[in-house]
Amino acid sequence: MLRSEDPAFHTTRWTVVLEARGQEEEALEDLCRRYWYPLYVFVRRRGHGAADAEDLTQEFFARLLEKKWLDAVDRDRGKFRSFLMMAMKRFLANEWDRSQSLKRGGGATHFSLDMDGAEERYAEEPGEPADEALVYDRRWALTLLDRSLRKLEDEEEGERFAVLKQCLTAERGGFDCAGAGSILGMSEGAVRVAVHRLRKRFREIFRAEIAETVADAGDLDGEMRYLAEILAKG
């Protein structure tokens with residue numbers, strides 16, 4: 001389990017990027033490709049149409065890499081989530097005209113995102129009015145959650161995981177261990193042990209995913225609490 005005091009924490013990707021800056025472009029590109037969708041949702045909630053939101057999100061990340069915006073990052077503001085939000089706000093405020101020029105052929109980019117299905121995903125977002133920053137944070141949390149679930153699934157036996165994964169979202173005492181045991185051919189006690197192990201492993205993976213987006217060990221627990229609160233609000 002990754003803990004904030006572990007030496008291994010200081011080799012997580014966002015920390016590496018901040019310390020090495022331009023020397024770790026591959027690590028930054030990977031982070032960008034992971035977390036473009038929360039920013040796409042943010043841009044859409046700012047009133048931009050689907051096509052413009054795709055262009056703006058693409059151009060934002062291309063500029064982030066090409067113009068080395070990381071050089072101006074204060075290491076004390078070490079959450080990748082917060083950095084991207086502030087950088088996107090500045091981009092939208094100051095760079096719209098230039099991005100339109102680039103879209104019409106006024107510039108070239110050497111970084112691209114696979115944004116297929118972006119609007120289909122956005123159509124499934126809650127439709128009620130909400131603070132755009134909170135929508136962004138919630139989508140960020142859900143992205144981390146989804147990545148964690150997929151990593152956990154890769155570690156588990158398929159049929160058993162399909163049955164037991166419901167325990168990860170069930171209220172305490174709300175998962176039917178006896179019913180799961182009947183399906184899987186396990187005793188209720190064995191299912192309880194498996195559920196405990198699965199929940200523990202999920203927390204470890206989720207914590208490690210969050211650790212890759214903060215630059216300081218002291219931020220990890222607070223970021224975990226905040227994202228858990230955002231998810232709990234539905």
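Which residue forms a salt bridge with Arg 197? In this predicted model, the partner of Arg 197 is Glu 156, and the closest N and O atoms of the two are 2.9 Å apart. The legends below describe this pair and other close-up views.

**Figure 1. The salt bridge between Arg 197 and Glu 156.** Arg 197 belongs to helix 10, whereas Glu 156 sits in the loop between helix 7 and helix 8 (158-164), so the pair ties together parts that are 41 residues apart in sequence. Arg 197 is partly exposed, as its relative accessible area is 35%. Glu 156, with a relative accessible area of 13%, is buried.

**Figure 2. The salt bridge between Glu 223 and Arg 81.** The closest N and O atoms of this pair are 2.7 Å apart. The two residues link distant parts of the chain, since Glu 223 is in helix 11 and Arg 81 is in helix 4, 142 residues away. Glu 223 counts as buried because its relative accessibility is 1%, under the limit of 20%. Arg 81 also counts as buried, at 8% relative accessibility.

**Figure 3. Helix 11 and the helices against which it packs.** Helix 11 covers residues 217-232, and its 16 residues should span 22 Å at 1.5 Å a residue; the end C-alpha atoms are 24 Å apart, which agrees. The buried residues of helix 11 are Ala 217, Leu 220, Glu 223, Met 224, Leu 227 and Ile 230. These buried residues pack against helix 4 (80-94), helix 7 (132-155) and helix 10 (188-211).

**Figure 4. Helix 3 and the residue Lys 68.** At 1.5 Å a residue, the 17 residues of helix 3 (residues 50-66) should span 24 Å, and this agrees with the 24 Å between the end C-alpha atoms. Among the buried residues of helix 3 are Leu 56, Phe 60, Phe 61, Leu 64 and Leu 65. The buried residues of helix 3 also include Gln 58, Glu 59 and Arg 63. Just after helix 3, Lys 68 takes a positive phi of about 55°.

**Figure 5. The largest nonpolar core.** In soluble globular proteins, nonpolar side chains tend to be buried together. The largest nonpolar core here has 62 residues, and those with the most contacts inside it are Trp 14, Phe 61, Phe 80, Phe 83 and Leu 84. Helix 2 supplies the largest share of this core, namely 12 residues.

**Figure 6. Cysteines in a structure with 0 disulfides.** A disulfide is a covalent bond between the sulfur atoms of two cysteines. Cys 32 is buried, with a relative accessible area of 0%. Cys 167 is in no disulfide, and the nearest cysteine sulfur, that of Cys 177, lies 7.9 Å away. Cys 167 counts as buried, at 1% relative accessibility.

Note on methods. Residues numbered from 1 in each chain as written. Predicted model: local features only at pLDDT ≥ 70, side-chain atom pairs only at ≥ 80, totals over all residues. Heavy atoms only, no water. Helix = DSSP H or I, 4+ residues; strand = E, 2+ residues; numbered from the N terminus. Expected span 1.5 Å × (residues − 1). Buried < 20%, exposed > 50% of the residue type's maximum accessible area, 1.4 Å probe, protein only. Contact = heavy atoms within 4.5 Å. Salt bridge = Lys/Arg side-chain N within 4 Å of Asp/Glu carboxyl O. Disulfide = S-S within 2.5 Å. Core = buried A, V, L, I, M, F, W, Y, C linked by side-chain atoms within 4.5 Å.
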